[in-house]
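Please look over the sequence and the model shown here before reading on.

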Amino acid sequence: PTPVLLDCDPGIDDALAIAYLVAEHLAGRIELTGAVCTAGNVGLEDTVANACAWLDLAGAPELPVAAGASGPIAVPHVLTPETHGPRGAGHAQLPTTTRSTDPRDGARLWVDAAREHPGELVAVVTGPSSTLALALELEPALPRLLRRLVVMGGSFRGHPGNTTPVSEWNVDVDPEAADRVCLAWEVARADDPSVAPARWCGLDLTERAVWTPERSGRLVEAARGSTLSRHLADALRFYFEFHESVGEGYLAQVHDPLVAWLALHPEAALTEPVHLRIECAGEHTRGMTVEDRRGHRGRPANAELVVDLSVPGGAVAVVEEVTASIAN
Ligand code: BDR
Ligand code: CA
């Protein structure tokens with residue numbers, strides 16, 4: 001099975017990504033090598049505690065969890081308790097975990113996992129790129145060691161941001177880190193064109209992954225009321241309230257499980273190669289993903305934007321598949 005590493009900041013939709021990847025791991029379809037936690041939606045202590053609790057609930061208490069970056073690499077960390085709840089798990093009261101975290105820090109786990117599976121590891125980032133940027137410092141050859149990197153981040157092709165008019169949250173938190181990822185893939189591909197461009201899934205795609213209260217009900221029922229599914233439903237209730245408060249309706253956009261699914265189903269992605277950089281300076285545009293679709297910069301592609309899905313039913317069908325996988 002394909003080895004997979006998740007770097008996340010749970011986070012309510014991150015929790016769905018964790019539950020999905022663990023389900024695929026337990027079914028023997030992938031080998032989840034561990035979870036790296038990055039400070040993001042909430043502080044590092046909470047993202048680590050949440051990742052441990054979700055992995056335990058999902059039935060993978062043995063998988064390593066490593067604490068990564070405690071904030072952005074160049075600027076102070078801005079928390080958003082209104083999005084995922086004060087502790088990042090919405091209304092869920094997660095059990096306190098008794099497991100210990102991996103002694104290695106998150107950047108080290110990235111590098112070790114990549115070196116253990118050279119050319120094989122599929123890495124998924126569903127939070128800010130802060131820990132990945134640190135891992136690239138430790139091991140600049142990381143892009144060459146990975147089979148594929150799939151990032152939830154950005155907003156492409158003129159789609160609006162969810163944090164500023166032009167920026168998506170994961171990139172907005174740590175634009176310098178996201179830009180380092182772009183540069184690292186540019187350098188790696190210049191040295192070795194066989195390195196796969198990093199795959200970026202922006203809001204233009206992920207906002208189509210909608211989770212409804214009805215789906216939570218079906219998950220709990222299909223999972224025969226498991227503790228995991230009940231906690232997920234409690235967490236998601238908060239996410240519905242948040243989306244309603246920003247005028248999206250009583251539903252939730254579940255970006256991260258869609259991206260986790262895409263990491264395991266690369267053939268389902270319709271992609272556009274681009275040269276990607278992140279705006280780190282602009283007064284009005286900091287955190288914007290600036291994709292060169294017409295070769296203005298004269299640089300080879302360092303990124304592939306996932307612009308659509310080739311599956312019938314699109315993102316909603318993927319959410320259905322994710323639900324079924326978690327419920328089983
Ligand atoms: C991203 O921001 C976070 O709040 C979500 O977990 C997702 O990773 C969407 O912009
Ligand atoms: Ca996230």
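What follows is a short briefing on the sheet, the ligand shell and a few individual residues.

This is a predicted model, in which local features need pLDDT of at least 70 and side-chain atom pairs count only at pLDDT 80 or more, while totals for chains, interfaces and linings use all residues. Residues are numbered from 1 along each chain as its sequence is written, and chains are lettered from A and ligands numbered from 1 in the order in which they are written. Helices (H or I, at least four residues) and strands (E, at least two) are DSSP runs, numbered from the N terminus.

**The annotated span**

- The unreviewed UniProt entry lists residues 4-311 as "domain: Inosine/uridine-preferring nucleoside hydrolase"; UniProt positions are given in the numbering used here, feature names are shortened, and annotations may be inferred rather than shown by experiment.

- An open sheet is formed by 9 strands in the order β3-β2-β1-β4-β5-β6-β11-β9-β10, with mixed pairing, where two strands pair if DSSP finds at least two bridges between them.
- Its edge strands, each of which pairs on one side only, are β3 (65-67) and β10 (289-292).
- From one strand to the next the twist averages 30°, with axes taken as lines fitted to C-alpha atoms (for helices over the stretch in contact) and angles running from 0 to 180 degrees between N-to-C directions.
- Helix α12 packs on the sheet, where it touches β1 (2-8), β2 (30-37), β4 (121-125), β5 (146-152), β6, β9 (269-278) and β11, and its direction makes about 160° with that of β5; contact here means that the C-beta atoms of two residues, placed from the backbone, lie within 7 Å.

- β5 and β6 run parallel with 3 bridges between them, and cysteine 201 in β6 is the bridge partner of methionine 152.
- Strand β6 (residues 198-201) is in turn joined by 3 bridges to the parallel strand β11 (residues 303-309), where alanine 198 stands opposite alanine 303.

- A residue is buried if 20 or more other C-beta atoms lie within 10 Å of its own, exposed if 12 or fewer, and partly exposed in between, the C-beta atoms being placed from the backbone.
- Because 5 of the 5 residues of β4 are buried, this strand is largely enclosed by the rest of the structure.
- In a regular strand the side chains alternate between the two faces of the sheet.
- Both faces of β4 are covered, with Leu121, Ala123 and Val125 buried on one side and Val122 and Val124 buried on the other.
- β5 is likewise largely enclosed by the rest of the structure, because 5 of its 7 residues are buried.

**The shell around ligand 1**

- The shell around ligand 1 has 13 residues, of which Gly11, Asp13, Glu168, Trp169 and His255 come nearest; a residue is near a molecule if its C-beta atom, placed from the backbone, lies within 6 Å of it.
- Sorted by class, this shell has 2 nonpolar, 7 polar and 4 charged residues, where Ala, Val, Leu, Ile, Met, Phe, Trp, Tyr, Cys and Pro count as nonpolar, Asp, Glu, Lys and Arg as charged, and the others, Gly among them, as polar.
- Three helices, α1 (12-26), α7 (169-173) and α12 (255-264), each supply at least two residues of the shell.
- Glycine 11 is found in the loop between β1 and α1, and a cis peptide bond with omega of about -5° joins it to proline 10.

**Individual residues**

- Threonine 2 is found in strand β1 and is partly exposed, because 16 other C-beta atoms lie within 10 Å.
- Not counting residues up to four places away in sequence, threonine 2 touches Ile30, Glu31 and Val122.
- Arginine 157, in the loop between β5 and α7, has a phi near 55°, a positive value in a residue other than glycine, and arginine 157 counts as partly exposed because it has 14 C-beta neighbours inside 10 Å.
- Arginine 224, in the loop between α10 (213-222) and α11 (227-245), has a positive phi of about 50° although it is not a glycine, and arginine 224 is exposed because 8 other C-beta atoms lie within 10 Å.
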